[in-house]
Amino acid sequence: MSEKLRVGILGATGMVGQRFATLLADHPWFDVVLLAASPRSAGKTYEEAAGSRWKMKTPMPEKFKDMVILDMNDVDKIASQVDFVFCAVNMPKDEIRAIEEKYAKAETPVVSNNSAHRWTSDVPMVVPELNPEHLDVIEYQRKRLGTKSGFIAVKPNCSIQSYTPALHALREFKPTKVVATTYQAISGAGKTFREWPEMEGNIIPFISGEEEKSEKEPLKIWGHIENGVIVPAKAPLITTQCVRVPILDGHTAAVFVDFEEKPTKEEMIEKLRNFSGLPQKLKLPSAPEHFIQYRDEDDRPQVRLDVDYEHGMGVSVGRLRPDTVFDWKFIGLAHNTLRGAAGGAVLIAELLVKEGWITRK
């Protein structure tokens with residue numbers, strides 16, 4: 001790309017916003033020209049607003065330290081300076097829906113990490129390797145919004161990245177029932193151990209709203225566009241339990257699955273290891289070269305050893321074995337703030353640019 005697109009980060013001071021900043025500091029296609037957050041942070045430099053609560057393992061990028069934060073509610077001012085925005089704001093869902101639509105109607109595409117618009121029927125919720133064809137619904141969304149270039153696209157819940165890609169790679173065997181228990185890192189709640197000391201040596205068997213998302217969002221990903229909206233798939237039947245565990249980064253899933261077709265272990269491993277999607281074909285900057293790795297060792301995948309696979313943008317699968325109740329069971333692992341949050345959104349934006357949905361204003 002000869003000239004970078006101008007990008008803004010909404011909600012830049014939070015954990016996901018910080019992750020966006022680290023990922024985009026040297027991005028080959030995108031130039032972050034502004035950072036925005038709530039009115040209480042507006043007017044401060046990024047270092048003043050976020051420096052004392054910086055949550056990333058890597059330092060705050062130098063190029064952003066002295067950047068003055070704008071009020072994210074000043075939509076017209078921000079929209080006039082950028083080609084599109086990433087959204088990682090932390091507000092009530094109705095307020096998120098409203099502000100994302102304001103940006104879209106100001107002809108500024110929004111690539112959102114938030115859940116507020118995931119069930120808006122003409123908003124694509126995309127894992128780029130799994131359902132890139134859902135971007136076609138943007139045409140209908142623009143008609144509803146009355147825009148020429150503005151729209152909203154979202155990434156799905158971070159926890160489903162640990163098992164949905166594996167199930168997708170095995171879809172030709174027609175999964176019919178899935179039981180998944182996810183063991184979710186504390187960064188999924190935007191926290192570190194310093195901020196949440198009661199999580200040390202602890203497990204909390206409840207994450208608000210997570211089980212509904214984990215059961216329903218894969219079905220939207222596997223759905224189809226009909227009459228200008230995305231119609232979710234009806235199968236497989238998915239039930240989940242979601243547990244918070246004392247891990248900083250990395251969501252693990254224990255998955256049990258029945259298939260209509262009856263694959264062998266060798267057939268399934270071959271499908272997992274050879275699965276590839278449009279981002280790999282297009283060689284997008286953030287795309288992992290190999291999306292899914294299958295580990296043969298009995299004790300893999302492990303968070304310490306595998307969470308950073310493909311710079312945190314790949315998915316690790318292992319322990320595929322027959323079950324006494326279901327056909328098969330396996331373990332999955334994905335990095336929740338990279339593949340599952342900011343990194344996944346950056347990959348969506350790259351695909352949107354490559355496919356012509358986001359252009360220079």
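Modeller: Here is a walk through the salt bridges, pair by pair. This is a predicted model, in which local features need pLDDT of at least 70, side-chain atom pairs count only at pLDDT 80 or more, and totals for chains, interfaces and linings use all residues. Residues are numbered from 1 along each chain as its sequence is written, and side-chain values use heavy atoms, with hydrogens and water left out.

The structure holds 18 salt bridges. A salt bridge is a side-chain nitrogen of Lys or Arg within 4 Å of a carboxyl oxygen of Asp or Glu.

Start with Arg-6 and Asp-83. Their closest N and O atoms are 3.1 Å apart. Arg-6 sits in strand β1 (residues 5-10), while Asp-83 is in the loop between α4 (75-79) and β4 (84-87), so the pair ties together parts 77 residues apart in sequence. Helices (H or I, at least four residues) and strands (E, at least two) are DSSP runs, numbered from the N terminus. Arg-6 is partly exposed, at 28% relative accessible area. Asp-83 is buried, at 0%. Buried means under 20% relative accessible area, exposed means over 50%, and partly exposed lies in between (1.4 Å probe, protein chains only).

Next come Lys-65 and Glu-62. Here the closest N and O atoms are 2.8 Å apart. Both residues lie in helix α3 (residues 62-65), three residues apart, about one turn of the helix. Lys-65 is buried, at 18%. Glu-62 is exposed, at 60%.

Glu-297 and Arg-295 also form a salt bridge, at 2.6 Å from N to O. Glu-297 is partly exposed, at 32%. Finally, salt bridges with shared partners join Glu-101, Lys-105, Asp-122 and Arg-144 into one network.
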